[in-house]
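Please examine the model below with attention to its pockets and to one of its helices. The explanation that follows takes these topics in turn.

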Amino acid sequence: MTTPTALLAGRTVLRVGYGALQLERLHDRRGEAVALLRRAVELGVDHVDTAEFYGFGFANAVIREALRPEDGVLVVTKVGADPDPGGRRPLRLAQRPEQLRASVEDNLRSLGVDQLPVVNLRRLDSGPGLRPEGDQVVDLDDQLAVMTALRDEGKIGAIGLSSVTLDGLHRALPADIVCVQNAYSLVSRDDEDMLRLCAAQGVAWVPFFPLGGAFPGLPKATDEPAVHAVAESLGVTASQVGLAWLLHHAPHVLLIPGTADAAHLEANMAAGEITFDAATLATLDAIESRSSEVPIG
């Protein structure tokens with residue numbers, strides 16, 4: 001097994017963090033949400049992924065209440081979409097430079113901080129989900145210009161990318177990109193070339209949808225017979241096997257699994273302690289990779 005820590009924006013962090021999207025499920029039980037985040041810190045979580053559009057600001061509010069400076073938790077936010085409570089979807093695209101700046105200000109305000117340590121620019125160039133249309137089709141260089149300006153102003157500490165193509169990452173690397181968040185899992189490994197480029201450039205790889213299957217029709221790691229066989233042989237769950245495979249696959253992979261349940265949180269963290277022998281790893285590596293692209297409807 002590789003080292004249990006890796007670099008993120010110059011910080012050494014535990015390779016299993018926490019994604020705050022699922023905190024929204026505890027919207028009416030705020031105390032439970034705060035307690036869950038405190039439990040994550042107790043378990044060693046030292047990097048958290050969030051955004052203003054997670055629960056219309058609820059996730060950020062919980063993070064602001066639950067985390068303390070002495071916890072030393074690196075909070076990673078993202079821009080590129082904004083909450084849209086009255087819309088057909090719960091969020092709307094916000095790709096234009098002035099919208100990115102406004103989103104940074106919104107995250108600063110809701111988190112109650114003077115600087116966002118890492119901000120991911122969520123593009124919509126790859127992976128499942130929406131694609132930009134109309135005035136939301138914005139050149140990457142224009143977006144990087146405003147992100148770099150915000151970094152120069154001290155409002156953000158470092159820049160990451162999300163849902164980006166290999167070409168986009170090549171174009172962005174001169175801006176000193178510290179992490180990439182793309183859809184990636186044992187069963188959807190389209191971005192292997194990008195993962196290798198990140199390794200060569202010292203860029204953290206932080207997959208979302210780490211078990212696949214977030215949309216109907218997408219493959220799921222937990223549907224694979226080989227994954228279940230490995231899980232049974234090790235006395236763990238299929239989900240833990242899927243997460244552990246990511247950690248074994250490359251040393252610069254960081255995980256941000258989300259949950260609203262304390263027992264599930266503990267299981268996710270325990271995935272970082274699972275080891276595979278060479279034969280087991282070869283069995284998992286042999287699982288077919290299928291595309292994570294889905295028709296846009």
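**Pockets and a helix in a predicted model**

In this predicted model, 48 residues line the largest pocket, and those lying nearest its centre are Leu21, Phe208, Phe209, Ala214 and Phe215. The space within the largest pocket amounts to about 1,400 Å³. Several secondary-structure elements contribute to this lining: strand 7 (91–93), helix 8 (238–249) and helix 9 (262–270) each provide at least two of its residues. By residue class, the lining of the largest pocket comprises 25 nonpolar, 16 polar and seven charged residues.

The second largest pocket may be described in the same terms. Its volume is about 290 Å³. A set of 14 residues lines the second largest pocket, with Ile63, Leu67, Val73, Val75 and Val113 closest to its centre. Nine nonpolar, two polar and three charged residues make up the lining of this second largest pocket.

Attention now turns to helix 6, which spans residues 192–201. Which residues of helix 6 are buried? They are Glu192, Met194, Leu195, Leu197 and Cys198. In an α-helix, residues three or four places apart point the same way, because there are 3.6 residues a turn. The buried residues of helix 6 pack against helix 5 (166–172), strand 10 (177–181), strand 11 (204–205) and helix 8. Just beyond the end of helix 6, Gly202 adopts a positive phi of about 70 degrees.

Conventions: Residues are numbered from 1 along each chain as its sequence is written. This is a predicted model: local features need pLDDT of at least 70, side-chain atom pairs count only at pLDDT 80 or more; totals for chains, interfaces and linings use all residues. Side-chain values use heavy atoms; hydrogens and water are left out. On a 1 Å grid over the protein atoms alone, a cavity is a set of points where a 1.4 Å probe fits but cannot get out, and a pocket is an open set with protein on both sides within 12 Å along at least five of seven lines; lining residues have an atom within 4 Å of a point. Grid points are joined across faces, edges and corners, and a volume is the space filled by probe spheres set on the points. Helices (H or I, at least four residues) and strands (E, at least two) are DSSP runs, numbered from the N terminus. Ala, Val, Leu, Ile, Met, Phe, Trp, Tyr, Cys and Pro count as nonpolar, Asp, Glu, Lys and Arg as charged, and the others, Gly among them, as polar. Buried means under 20% relative accessible area, exposed over 50%, partly exposed in between (1.4 Å probe, protein chains only). Contact means heavy atoms within 4.5 Å.
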